[in-house]
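I am opening my notebook on a structure that is new to me.

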Amino acid sequence: MIGNIANSLGLGSGINVSQLVADLAAASRTPKAERFAALEKTAQARISAVAQARSDLNSFADTLGNLVSTGSLGSQPTTSDNGALAVTALPHAQLGRLATDIEIRQLARAQTTHSGLVASAGDPVGMGGLTLTVAGVAHAITIDAANNSLTGLADAINASGSGINASIVADQGQVRLVLKGETGSAKAFAITADAGADPALAEFVTSGLARSQAASDAMIRVDGVDYHRPTNSISDIVPGVSLILKKAEVGTTIILGSTRPADALKQTVADFVTVFNQLQTSLKEARRTVGGTGNLRALDRQLTALASKALTGNAGISRLSDIGIKTDRSGNLMLDPARLDAVLASDPDAVEALFNPPRDGSHTHLTDPGLAGALDEIRDAAVAPGGWIEGLNKALQAEASTIARNRERMEAREDAYQARLEKQYASLDAKLSAFKATQAYLEQQIKLWSNEN
């Protein structure tokens, strides 16, 4: 056993078998490992380049989409009295020519009914059935031994599905029941006791509840025409504008106008050109790293075509090229600021529509994508399963996986090769050790013979 250990360490022959095997194994493994490392580095660089191009495309599309969705690139309504009327633009509204007079004659209100003060919310109110009628619909309320209290009555009303909110409100060391409905005259409500209800319960709902505020509709006069609405939030009278009524004042006219984000549009156009060219640089870098791939060239062609793509149905200004954005020989965009200023002065609505296409049928078709929509279409097609970027990314990931599997096989083969070397050189070492032992014996015998002679 001791001999086997010595042989395995290369001690028998005096040769460093362990180092010899390690050097031979490394000589075989190292160039192969370096080759796989280079393949892995290249594959990862390709994957990273495509991922960066995808990230840049997503960021480009999302940023432009956010500008459109937040209304930053569309005309905004203005009001001469913010304290009485708040206004916001509806999505895709074009308000450059907004000029409207509004008179708020009455606010929409919800009916409010309250009880007198009672000592405790736990005091009984009487048992029996009640009927809560809201907008002509009856809702049954039952008060029995389990919920015979002011709190129980409030809970039963809230659970009735009537839309009436019941609450217990403390006041002057006592409490009262407050019922509140929804705004609009149609949402008025009444509560009555059913036949057979305790007299105390009947009296509570008949004479113990008082209406403190009646339900009413909002009444506004818009450009001389009267309108009634059940709420103070109105989005269907002034096209493209949401109104929030805050204060009624008969005889007072509030003027609606608009402000156009001309500076924001000009800055966005300039930013679009800058970011577009950055994206083109990212795609070119991805093509250089990955190699000439049809996927990225197809995406590049789609993006380059944006400058000449019809984005709205306007007869005169429907393309980026119409507002001074051109494509140079390298595929980058260039902006002519003088041309942009000229079209903003002559037809600002058309320029705004490129970024904020209207959806009300004026000056355009309902299918007009606008620049953000067109960019979204390109992005969605590129990153969809089977799309230009996603398809390329999938292929590169598969290539990286193949390299990793092949490296594992190589490592297994090299491990087996090293094991064979260790076995072969251990055997050789044992034989050399035996030869050395024989040599030593013979040398000893020769010496003895020589001494005897």
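Is Glu-411 buried, partly exposed or exposed? I looked up its relative accessibility, which is 23%, so Glu-411 counts as partly exposed; here buried means under 20% relative accessible area, exposed over 50%, and partly exposed in between, with a 1.4 Å probe and protein chains only.

Before going on, I noted that this is a predicted model, in which local features need pLDDT of at least 70 and side-chain atom pairs count only at pLDDT 80 or more, while totals for chains, interfaces and linings use all residues. Residues are numbered from 1 along each chain as its sequence is written, and side-chain values use heavy atoms, with hydrogens and water left out.

**Entry on salt bridges.** I searched the whole structure and found 19 salt bridges, each being a side-chain nitrogen of Lys or Arg within 4 Å of a carboxyl oxygen of Asp or Glu. In one of them Glu-411 pairs with Arg-29, with 2.4 Å between the closest N and O atoms. Glu-411 belongs to helix H10 (residues 388–452) and Arg-29 to helix H2 (residues 17–69), so this pair ties together parts that are 382 residues apart in sequence; helices (H or I, at least four residues) and strands (E, at least two) are DSSP runs, numbered from the N terminus. Arg-29, at 17% relative accessibility, counts as buried. I also noted that Arg-29 and Glu-411 are linked with Glu-40, Arg-407 and Asp-415 in a network of salt bridges.

I then looked up Arg-54 and Glu-390, whose side chains meet in a salt bridge at 2.4 Å, N to O. This pair again involves H2, which holds Arg-54, and H10, which holds Glu-390, the two residues being 336 apart. Arg-54 has 27% relative accessibility and counts as partly exposed, and Glu-390, at 22%, counts as partly exposed.

A further salt bridge joins Asp-349 and Arg-260 at 2.8 Å, N to O. Asp-349 is in helix H8 (residues 348–355), whereas Arg-260 is in the loop between strand S15 (254–259) and helix H5 (262–290), 89 residues apart. Asp-349 counts as buried at 9% relative accessibility, and Arg-260 as partly exposed at 25%.

Which residues make the contact of H5 with H7? I found Ala-262, Leu-265, Lys-266 and Val-269 on H5, and Leu-340, Asp-341 and Leu-344 on H7, where contact means heavy atoms within 4.5 Å.
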